[in-house]
Amino acid sequence: MAGLSRFALRTLAGRWLALLAGAAMLAWSGAAAAQPSVENQVKAAYLFKFAGFVEWPEGSFVRPDSPLQIGVAGNDGLADQLEQMVAGRTVGGHAISVRKLRRGDPLQGLHILFIGAGERATVIDMLAAARGQSVLTVSDADDGIALGCMIAFVVAQDRLRFDVALGQVNSGRLRISARMLAAANRVQGAT
């Protein structure tokens, strides 16, 4: 991103967020309570978009045409919505596949892991299983970052946003683009 001014980064981040702004406003304008699927649509859109702004280390894909795998635990409705959204789409030349996960399921082959707020023990166990792997971990648990997630969904100014913990991202040997970081609600560990 060398050569891009702070203004240019903010402009790019603004465009990125504009794609999700309409859905986010619907989800948190009161419709979320009546239609939980709207909330899932927004989260699914974020998960899909995250895939395009993250770089995984060499060897993360078995073959150059291996799918980018997103695992979803604790929210089958979100998994279903995400499956519909990514059908036939690719990111970086990789088809996208979605796996529904349960506590104790193996995480091998995953690139992104979403863990629903659900039971705190499940969130902790799944994050522990992902530790040391190059898996982008995302949660909507209230204390997701404190528990060790890389990205946590948060509600800020009545909109669904996300926080990023760079320490966890770096320990997973992942790289998140400056554009995505500029779009985040908060970035912990930024210098």
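The chain comprises 191 residues, of which 46% are buried. Its secondary structure amounts to 7 helices and 10 strands. Among the contacts with a separation of 6 or more, 58% are made by residues 24 or more positions apart. The accessible surface is about 9500 Å², and carbon and sulfur atoms contribute 51% of this area.

The mean pLDDT is 85, with 81% of the residues at 70 or more. Residues 1-14, however, have a pLDDT below 50, and this stretch has 11 contacts in the model beyond near neighbours in sequence. The pLDDT is likewise under 50 over residues 16-34, for which the model has 32 contacts beyond four places in sequence. Where pLDDT is low, the predicted coordinates should not be read in detail.

Strand 4 (residues 94-101) pairs with two other strands, strand 2 and strand 3. With strand 2 (residues 68-73), the pairing is parallel and extends over 6 bridges; within it, Ala73 has Leu101 of strand 4 as its bridge partner. With strand 3 (residues 90-91), the pairing is antiparallel and comprises 2 bridges. Here Val91 is bridged to His94 of strand 4. Strand 3 and strand 4 form a hairpin with 2 residues between the strands, and Gly92 in this hairpin adopts a positive phi near 60°.

In helix 3 (residues 76-86), the buried positions include Leu78, Ala79, Gln81, Leu82 and Val86. These residues lie on the same side of helix 3, because they cover an arc of only 165° around the axis. Gly88, which follows helix 3, has a positive phi near 80°.

In helix 4 (residues 120-130), Thr122, Val123, Met126, Leu127 and Ala130 are the buried residues. Their arc around the axis is only 125°, so they too are placed on the same side of their helix, helix 4. An α-helix has 3.6 residues a turn, so residues three or four places apart point the same way. The packing partners of the buried residues of helix 4 are strand 2, strand 4, strand 5 (112-115), strand 6 (136-139) and helix 5 (144-147). Helix 4 is followed by Gly132, which has a positive phi near 90°.

The aromatic side chains were examined next. Pairing of ring centres within 6.5 Å gives a count of 7 aromatic pairs. One of these joins Tyr46 and Phe50 in a tilted arrangement, with 5.7 Å centre to centre and 35° between the planes. Tyr46 and Phe50 are separated by about one helical turn, because they are 4 residues apart in helix 2 (residues 36-51). Both residues of this pair, Tyr46 and Phe50, are buried.

Tyr46 also pairs with Phe162, in an edge-to-face arrangement with 5.5 Å centre to centre and 75° between the planes. This pair connects distant parts of the chain, since Tyr46 belongs to helix 2 and Phe162 to strand 8 (residues 159-165), 116 residues apart. Phe162 is buried, as is Tyr46. Tyr46, Phe50 and Phe162 belong to one aromatic cluster, together with Phe114 and Phe153.

Methods
Residues are numbered from 1 along each chain as its sequence is written. Side-chain values use heavy atoms; hydrogens and water are left out. Rings of Phe, Tyr and Trp (its six-membered ring) pair if their centres lie within 6.5 Å; planes under 30 degrees apart count as stacked, over 60 as edge-to-face and the rest as tilted. Buried means under 20% relative accessible area, exposed over 50%, partly exposed in between (1.4 Å probe, protein chains only). Contact means heavy atoms within 4.5 Å. Accessible areas come from the Shrake-Rupley method with a 1.4 Å probe; for residues, only the protein chains shown count as cover. pLDDT is the predictor's confidence in each residue, from 0 to 100. Two strands pair if DSSP finds at least two bridges between them. The arc is that of the directions from the helix axis to the C-beta atoms.
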